[in-house]
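Biologist: Please put the model up. I will ask what stands behind each label.

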Amino acid sequence: MDRFLYAIESSKGYLCDIEEYTENILTAPTFADYDYAVKRLTQISGCLQEECWVTVAQVPFPHPVGIKVA
């Protein structure tokens with residue numbers, strides 16, 4: 001089963017921390033609500049050098065066990 005979630009994305013990948021990006025959405029913060037994701041992006045946008053946007057992605061639910069966080 002899959003679930004649609006929202007994440008903050010840039011040309012470098014998904015935002016996982018201030019100016020840190022990942023290609024794996026499972027290691028990035030995700031949001032169930034679009035408006036909440038936009039609110040969070042608005043709150044941190046002044047700290048970011050990359051242009052970022054909120055994107056929707058289909059991810060496995062429940063999350064796979066044993067995800068390695070780099």
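Biologist: Where is glutamate 19 found?

Modeller: Glutamate 19 is found in the loop between E2 and E3. Strands here are DSSP runs of E, at least two residues long, and helices are runs of H or I, at least four, numbered from the N terminus. This is a predicted model, where local features need pLDDT of at least 70, side-chain atom pairs count only at pLDDT 80 or more, and totals for chains, interfaces and linings use all residues. Residues are numbered from 1 along each chain as its sequence is written, and side-chain values use heavy atoms, leaving out hydrogens and water.

Biologist: Why is glutamate 19 called partly exposed?

Modeller: Its relative accessible area is 27%. Buried means under 20%, exposed over 50%, and partly exposed in between, with a 1.4 Å probe and protein chains only. So glutamate 19 is partly exposed. Its phi is near 60°, a positive value in a residue other than glycine.

Biologist: What makes E1 and E2 a pair?

Modeller: Two bridges join strand E1 (residues 2–10) to strand E2 (residues 13–17). Glutamate 9 stands opposite tyrosine 14 in E2.

Biologist: What is the strand order in the sheet?

Modeller: The order is E3-E2-E1-E4, in an open sheet of four strands with antiparallel pairing.

Biologist: Why do E3 and E4 stand at the edges?

Modeller: Strand E3 (20–22) and strand E4 (53–60) each have a single partner strand, so one side of each has no neighbour in the sheet. The twist averages 55° from one strand to the next. Those angles run from 0 to 180 degrees between N-to-C directions, with axes as lines fitted to C-alpha atoms, for helices over the stretch in contact.

Biologist: Which residues make up the largest nonpolar core?

Modeller: There are nine: Ile8, Leu15, Tyr21, Phe31, Ala37, Leu41, Leu48, Cys52 and Val54. A nonpolar core is a set of buried Ala, Val, Leu, Ile, Met, Phe, Trp, Tyr and Cys residues joined through side-chain atoms within 4.5 Å. Apart from it lies another core of seven residues, including Leu5, Ala7, Ala28 and Ala57.

Biologist: What does leucine 41 touch?

Modeller: Leucine 41 touches Ile8, Leu48, Cys52, Trp53 and Val54, leaving aside residues up to four places away in sequence. Contact means heavy atoms within 4.5 Å.

Biologist: Which elements have the lowest and highest mean pLDDT?

Modeller: E4 has the lowest, 90, and helix H1 (residues 34–44) the highest, 95. pLDDT is the predictor's confidence in each residue, from 0 to 100. The protein chain averages 88.

Definitions and conventions:
Two strands pair if DSSP finds at least two bridges between them.
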